[in-house]
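Trainee: I would like to go through the labels used for this model and ask what each one rests on.

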Amino acid sequence: LFRSHAPTPKPRNMAAPSSSPSSGGYSPGALPDAMTPYYASSLAAHAREADMPLPETGSSARHCLRMVEDYHLLDFSERLNTSSYVNVVFEPEEEEVATMGLKVNLADQTVYPESFRLHNDTLNMIAKLWHCPKPDDFDEYGCYAGAGTVGSTEACLLAGLAMKFRWRNWYAAKHGMDANKVRGVYPNLVISTMFQAAWEKLFKYMDIEPRFVKPSYKTFTIDPAQIKDYIDDQTIGVVCIMGNHYGGQYDPVWEVDKVLDQINKEKGYQVGIHVDAASGGFIAPFQEGLPAWDFRLKNVLSISASGHKFGNSCCGTGWVVWRQRKDLSDQVAINVSYLGGSADSYTLNFSRPAQGIYVQFYKLMRLGHSGYSAQVANQMAVAQFIREGLIGIKTNGQPTFEILDAVANGGTEAEKLCLPVVTAMLNPELELNYDDIDLQHVIAQGHWYVSGYHMSMHHPLTEESMPLFTDQACEQAMFRVVVKNNLTMRMAEHLLTEIKGAVDFLNEHTKGFKHRKPKCEKGKPGRHVC
């Protein structure tokens with residue numbers, strides 16, 4: 001992580017390696033590259049060009065594998081990345097299933113009907129996990145209203161579009177507008193500032209106004225009492241986040257449902273809820289004591305989740321489930337017949353491999369309800385161990401960290417239920433001359449990646465920097481540790497040791513220490529993924 005002052009070697013063209021032995025090429029009489037070990041080949045001695053061209057000739061398969069491995073090896077270890085929610089561990093049989101799915105285009109339902117039946121079986125299991133009522137047209141379709149998607153981003157976009165089209169029909173009927181005239185009305189969506197990047201895409205791409213409800217940093221959750229101030233007859237819905245990516249807290253969907261009941265009755269609206277359960281959709285169902293948050297609430301129209309997060313599928317797997325087809329999923333469906341049959345498509349993209357669906361089915365069958373419950377219990381236990389470890393780290397006799405997550409700050413037992421995430425910030429009372437971003441970089445020297453960020457966001461439409469919370473400035477920083485299923489107690493012990501070492505290092509080096517990696521200017525947050 002320190003800046004190297006060594007001169008950068010001049011790149012050489014991989015497409016035309018020199019035959020001069022002194023330049024690292026092969027000499028006359030030497031074996032051709034394809035027959036030699038990779039590290040004895042000319043390819044191993046040539047630097048990557050910044051503007052890489054397509055090589056004139058191909059290389060052996062094993063050499064290509066080594067080249068990819070060289071890129072991969074220089075990344076952070078995926079198992080030591082506590083910033084991301086994405087699952088990174090797979091059983092050998094699971095990898096076989098994924099490879100099998102790579103060869104299947106799930107969009108071609110006519111050629112691969114049994115693969116699509118597997119998709120529907122998986123969809124049905126997830127819909128029932130979220131207590132979706134069985135649709136009246138189940139026998140006709142053989143599945144609930146929903147779809148496997150490319151991550152929860154596509155799922156959120158589909159849910160947002162369905163809400164927009166549903167609202168448009170209602171608004172046109174209310175005001176006597178035809179289809180063309182109603183398209184000129186600018187709709188809005190109510191959501192907290194804890195939103196994930198998927199919603200920024202919806203606002204930008206789908207011409208929807210965001211109406212942000214800022215929470216307190218003490219809760220990270222939307223305040224149901226404030227919602228009525230943001231809703232009018234151009235509101236397509238309210239998004240509740242089941243496990244925000246900053247701190248893992250759950251929006252009180254059950255309270256929002258009650259508020260919307262009252263607003264809809266008083267105003268004659270039909271505003272519903274989309275539950276963004278990108279992270280919580282495969283955690284909340286396995287936690288006892290949580291109030292109803294899913295389709296048991298009548299105003300919940302749709303739920304989305306990332307299968308590749310706590311659903312433990314492979315990256316690029318997502319799910320969306322609607323309460324019904326009528327006026328919801330049927331608004332985003334198209335029929336495709338040019339692949340040799342007739343099939344409905346509910347997704348934004350068309351061709352996609354079946355690997356994520358295959359792995360999701362495998363994981364649901366592999367773990368079952370009891371397996372997911374045991375896994376969630378393990379993750380919450382490890383999270384608590386890390387939380388207690390952070391509390392025990394002192395600087396000048398005072399706590400080094402202020403814990404921000406729901407377990408530390410929730411009032412009732414239900415409010416303490418959250419994702420297996422530990423969120424904290426350096427204790428402001430210590431007035432340290434380094435921040436959580438500095439801490440992130442020093443921890444990284446011990447191979448762990450812990451995500452630090454400022455409490456600010458960019459407005460999706462204006463790009464204006466704005467605070468995430470009502471009671472914290474943009475300049476304040478924080479960090480989080482996501483406890484995925486691969487983060488065992490033994491590994492958590494090592495992580496705490498590295499965090500304690502990073503704190504000691506920064507306390508000793510004070511202001512004179514600077515990192516090679518630049519930080520974002522305070523108040524101007526960088527982009528990040530979850």
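Trainee: Where is His-447 placed?
Mentor: In this predicted model, His-447 sits in the loop between helix H11 (436-444) and strand S14 (451-454).

Trainee: Why is His-447 called exposed?
Mentor: Exposed requires over 50% relative accessible area. His-447 has 55% relative accessibility, so His-447 counts as exposed.

Trainee: What is to be said about the phi of His-447?
Mentor: Phi of His-447 is near 80°, a positive value in a residue other than glycine. Most residues other than glycine have a negative phi. Asp-207 is another case, with a positive phi near 60°; Asp-207 belongs to the loop between helix H7 (197-205) and strand S3 (209-213).

Trainee: What makes Glu-91 and Arg-366 a salt bridge?
Mentor: The cut-off is a side-chain nitrogen of Lys or Arg within 4 Å of a carboxyl oxygen of Asp or Glu. For Glu-91 and Arg-366 the N to O value is 2.9 Å, so the pair meets the definition. The structure holds 13 salt bridges.

Trainee: How do you know that the pair of Glu-91 and Arg-366 links distant parts of the chain?
Mentor: The two residues are 275 residues apart. Glu-91 is in the loop between helix H1 (61-73) and helix H2 (92-102), while Arg-366 is in helix H9 (residues 355-391).

Trainee: Are Glu-91 and Arg-366 buried, partly exposed or exposed?
Mentor: Buried means under 20% and exposed over 50%, with partly exposed in between. Glu-91 has 25% relative accessibility and therefore counts as partly exposed. Arg-366, with a relative accessible area of 48%, is partly exposed as well.

Trainee: Why do Lys-298 and Asp-261 count as a salt bridge?
Mentor: Their closest N and O atoms are 3.4 Å apart, which is within 4 Å, so the term applies. Lys-298 lies in the loop between strand S5 (272-276) and strand S6 (300-306), and Asp-261 in helix H8 (residues 253-267), 37 residues apart. Lys-298 is exposed, because its relative accessible area is 54%.

Trainee: Which residues are linked in a network of salt bridges?
Mentor: The network links Glu-209, Arg-211 and Asp-232. Between Arg-211 and Glu-209 the closest N and O atoms are 3.4 Å apart. Glu-209 is partly exposed, with a relative accessible area of 24%.

Trainee: What makes S1 and S3 edge strands?
Mentor: The open sheet has seven strands in the order S1-S7-S6-S5-S4-S2-S3, with mixed pairing. Strand S1 (146-149) and S3 each have a single partner strand, so one side of each is left without a neighbour in the sheet.

Trainee: Which residues touch the most other members of the largest nonpolar core?
Mentor: Val-253, Trp-293 and Met-478 do, in a core of 111 residues. Helix H5 (residues 151-175) gives the largest share of this core, twelve residues. Apart from this core lies another of 29 residues, including Ile-403 and Phe-479.

How values were computed
Residues numbered from 1 in each chain as written. Predicted model: local features only at pLDDT ≥ 70, side-chain atom pairs only at ≥ 80, totals over all residues. Heavy atoms only, no water. Core = buried A, V, L, I, M, F, W, Y, C linked by side-chain atoms within 4.5 Å. Buried < 20%, exposed > 50% of the residue type's maximum accessible area, 1.4 Å probe, protein only. Helix = DSSP H or I, 4+ residues; strand = E, 2+ residues; numbered from the N terminus. Pairing = 2+ DSSP bridges.
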